[in-house]
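Q: Hi! Let's go through this one together, a topic at a time.

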Amino acid sequence: PQIRRMLTTGVCTSTVQLPGKVAIVTGANTGIGKETAKELAQRGARVYLACRDVQKGELVAKEIKGLTGNQQVLVRKLDLADTKSIRAFAKDFLAEEKHLHILINNAGVMMCPYSKTADGFEMHIGVNHLGHFLLTHLLLEKLQESAPSRVVNLSSLAHYLGRIHFHNLQGEKFYSAGLAYCHSKLANILFTRELHRRLKGSGVTVYSVHPGTVKSELIRHSTVMSLMWWLFSFFIKTPQQGAQTSLYCAVTEGLESLSGKHFSDCQVAWVSSQARNETVARRLWDVSCDLLGLPVD
Ligand SMILES: NC(=O)C1=CN([C@@H]2O[C@H](COP(=O)(O)OP(=O)(O)OC[C@H]3O[C@@H](n4cnc5c(N)ncnc54)[C@H](OP(=O)(O)O)[C@@H]3O)[C@@H](O)[C@H]2O)C=CC1
Ligand SMILES: CC1=C(/C=C/C(C)=C/C=C/C(C)=C/C=O)C(C)(C)CCC1
């Protein structure tokens, strides 16, 4: 029980309510994203569930509306493995909403066999990093207009094993499904830090998060991980516990001075030396813009 307590700590104790606030949670139809969306709805926000499978999203929206009594839970199609879908999602959202206060870049894939997104990006870097990079870019003006506003990027402790191999960003020269995930989670932290640097003074703050080791569908591509999760299920967080740090970064008052930082168990957490490399962060930003056809500034 003591080990369990140690591995499942971190509760967002903020009582902040969110009436009139607008939030987007990517990958909100299951796991950590679903619980994050539920807690935001519970606090009165209008929550967009950005899901690649709208049917799954609608079932979850119905469940959240029933549980929270908040009818402002909307489902929109977003496939982060397709830049056309990301652009369509952003276009419709910008036409529909005057504000965006909270963007939770939560969706993710782990250890999938080598595959590519619709635009030819390796799946981990494509969905976990480039997809969210483009989405955030397209919504940035709205976030700035709605300041104070926040961006929360789901990363992982796994970033420690990550490296940004600029000569092999798409895994074409060598590929390991496990490491590809780690590289993409490192990219999430570098993006957080660089976005924070660029947004200083704008009222938009940015945080990266390790949610803990959480029982979810993330391990769906790995039999070994599935077995470990099953064996150690007593020690790992529930999705509701896993959502606490995202929620903490999204709502806690007075967190502005910690923009750019990485959080775990609702506290600032240490990151690897690669994740602190400003030169790599700037280069990754430029390369990402280049790959996505965004102007490099
Ligand atoms: N679980 C854990 O132990 C840890 C999780 N994390 C991070 O937390 C985040 C949430 O993961 P978790 O809840 O555990 O995992 P789940 O697999 O349970 O949820 C992932 C979500 O991402 C969605 N998703 C996957 N690919 C796409 C895509 N192309 N476009 C849009 N949505 C997509 C999934 O949709 P669908 O259901 O349709 O597949 C699902 O809703 C991830 O970023 C993960 O890296 C970090 C550290 C540990
Ligand atoms: C060794 C060990 C564990 C394994 C943890 C692992 C392997 C975590 C992997 C996390 C990942 C992949 C995060 C995703 O981003 C448990 C289950 C905590 C129980 C205690 C002993």
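Q: Is E256 buried or exposed, or something in between?
A: E256 is partly exposed, at a relative accessible area of 41%. Here buried means under 20% relative accessible area, exposed means over 50%, and partly exposed is in between, with a 1.4 Å probe and protein chains only. This is a predicted model, where local features need pLDDT of at least 70 and side-chain atom pairs count only at pLDDT 80 or more, while totals for chains, interfaces and linings use all residues. Residues are numbered from 1 along each chain as its sequence is written, chains are lettered from A and ligands numbered from 1 in the order in which they are written, and side-chain values use heavy atoms, leaving out hydrogens and water.

Q: Which residue does E256 form a salt bridge with?
A: R150, with the closest N and O atoms 3.1 Å apart. A salt bridge here is a side-chain nitrogen of Lys or Arg within 4 Å of a carboxyl oxygen of Asp or Glu. The two residues are 106 apart and link distant parts of the chain: E256 is in the loop between α9 (244-251) and β7, and R150 is in strand β5. Helices (H or I, at least four residues) and strands (E, at least two) are DSSP runs, numbered from the N terminus. R150 is buried, at 8% relative accessibility.

Q: How many salt bridges does the structure hold?
A: There are 12. One of them joins E35 and K38, at 3.3 Å from N to O. Both sit in helix α2 (residues 31-42), 3 residues apart, which is about one turn of the helix. An α-helix has 3.6 residues a turn, so residues three or four places apart point the same way. E35 is buried at 12% relative accessibility, and K38 is buried too, at 17%.

Q: What about R220, who's its salt-bridge partner?
A: E217, at 3.8 Å from N to O. R220 is partly exposed at 46% relative accessibility, and E217 is partly exposed at 37%. There is also a network, in which salt bridges that share partners join E194, R197, R198 and D297.

Q: New topic: how many disulfides are there?
A: The count comes to 0, a disulfide being a pair of cysteine sulfur atoms within 2.5 Å. For C12, the nearest cysteine sulfur is that of C266, 5.9 Å away. C12 counts as buried, at 8% relative accessibility. C266 is buried as well, at 10%.

Q: Where is C266, and what is its phi?
A: C266 is in the loop between β7 and β8, with a positive phi near 60° although the residue is not glycine. D265, found in the loop between β7 (262-264) and β8 (267-268), has a positive phi of about 50° and is not a glycine either.

Q: And which residues does the cis peptide bond join?
A: A147 and P148, with omega about 5°. P148 is in the loop between α5 and β5 (149-154).

Q: Where does α5 bend?
A: At L139, by about 50°. The bend is the angle between axes fitted to the seven residues ending there and the seven starting there. Of the 23 residues of α5, 18 are buried, so this helix is largely enclosed by the rest of the structure.
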